Amino acid sequence: MSLVAVPHGRSIKSDKGIKYRVIQELGRGGNCLVCLAFAQSGPHQGVLFALKVFQRLDDAERLAQFEAEQEFLLHNNHPGIMRGFDSGSVRLTGDHGTSLFPFLVVEYFPDTLKSALGRGLRLPHKVIFALQLLSALQYLHQLEPPVVHRDIKPDNIFVKGYSCALGDFGLMRRLDDDVDDEEDRRVAYKLSAGAGMPRYYRTPDLVDYANGEGVLTSKTDVFQLGLVFAWLFCGRNPLKRADRLLDPVELESVQEVEGSTGAAIVDLIERMLVRNESEREAATDFLDSWEGVLTGVATQCQGLEGRVL
């Protein structure tokens, strides 16, 4: 299905009556078109936002998942998770006529972690990001009921200066008794090109769950973030390529990290990548140790360069 473009310069009004003017298109996914826009009225007039327009109106399950993501982001209050500010519907005309498309207004981040790393990040920058992301997981996993992201990868982590936030909650799952696991597996498989998980950030837990074995827990997010950290600090994702998405997860050794804190960083990543979910620590268990790494890195940078950032 081709996505319907939002004309540049188009003014869109939200359910709150706030106007947003579209500046340019930022990207397209399987379900949504994302635009850069600025608020023309309201308390945030003049501020840039990303406007996410859902377009798969013919698919009730995808629409329901978008609405669940929208509801979650609009009520999120953690700075390490992308924040939703507003929502509404916009009438657009495409090849198949005119339709009303729901949209979500979220904070604008100019980079993903992938693009930011491509331009170069210093070690303090990386450790600060690691702490923010672990804090975001702690927040998600301590909600009632807990929320599992299960699509953590560099493209879904967004960066602005020294801040980063976890976004794209299209595969999120609330761990409550109201969701049938078999139905969840079916919907997640449909919504994801990776059988309910990203191809290059598979976890043993998600593979077992997709195969109808075991239960989904929040610790699968810890493993995924461990793969991201290995890529971020070591320059290589240790996940071995598999012929099939639901093949067993196999890892190569985590590469060394240079510097006085390198061994501690590798140790923490390896602890996040413990295969057995019951033996893997929770996100909250890692925060103090990563804070210790940041203290060591900051002390070293101050001594060598007279600054941390």
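1. Asp247 counts as buried at 17% relative accessibility, where buried means under 20% relative accessible area, exposed over 50% and partly exposed in between, with a 1.4 Å probe and protein chains only. Its partner in a salt bridge is Arg244, with the closest N and O atoms 2.9 Å apart; a salt bridge is here a side-chain nitrogen of Lys or Arg within 4 Å of a carboxyl oxygen of Asp or Glu. Arg244 itself is exposed, at 52% relative accessibility.

2. The model is predicted, so local features need pLDDT of at least 70 and side-chain atom pairs count only at pLDDT 80 or more, whereas totals for chains, interfaces and linings use all residues. Residues are numbered from 1 along each chain as its sequence is written, and side-chain values use heavy atoms, with hydrogens and water left out.

3. The count of salt bridges comes to 13, and among them is the pair Asp111 and Arg119, at 2.4 Å from N to O. Asp111 is buried at 18% relative accessibility, while Arg119 is exposed at 58%.

4. Asp221 lies in helix α6, which spans residues 219-234 and has 16 of its 16 residues buried; helices are DSSP runs of H or I with at least four residues, numbered from the N terminus. Asp221 is buried yet has no salt bridge, and the nearest side chain of opposite charge, Arg150, is 7.6 Å away, with Lys and Arg counted as positive, Asp and Glu as negative, and His and the chain ends not counted.

Note on methods:
Helices (H or I, at least four residues) and strands (E, at least two) are DSSP runs, numbered from the N terminus. The expected span of a helix is 1.5 Å times one less than its number of residues.
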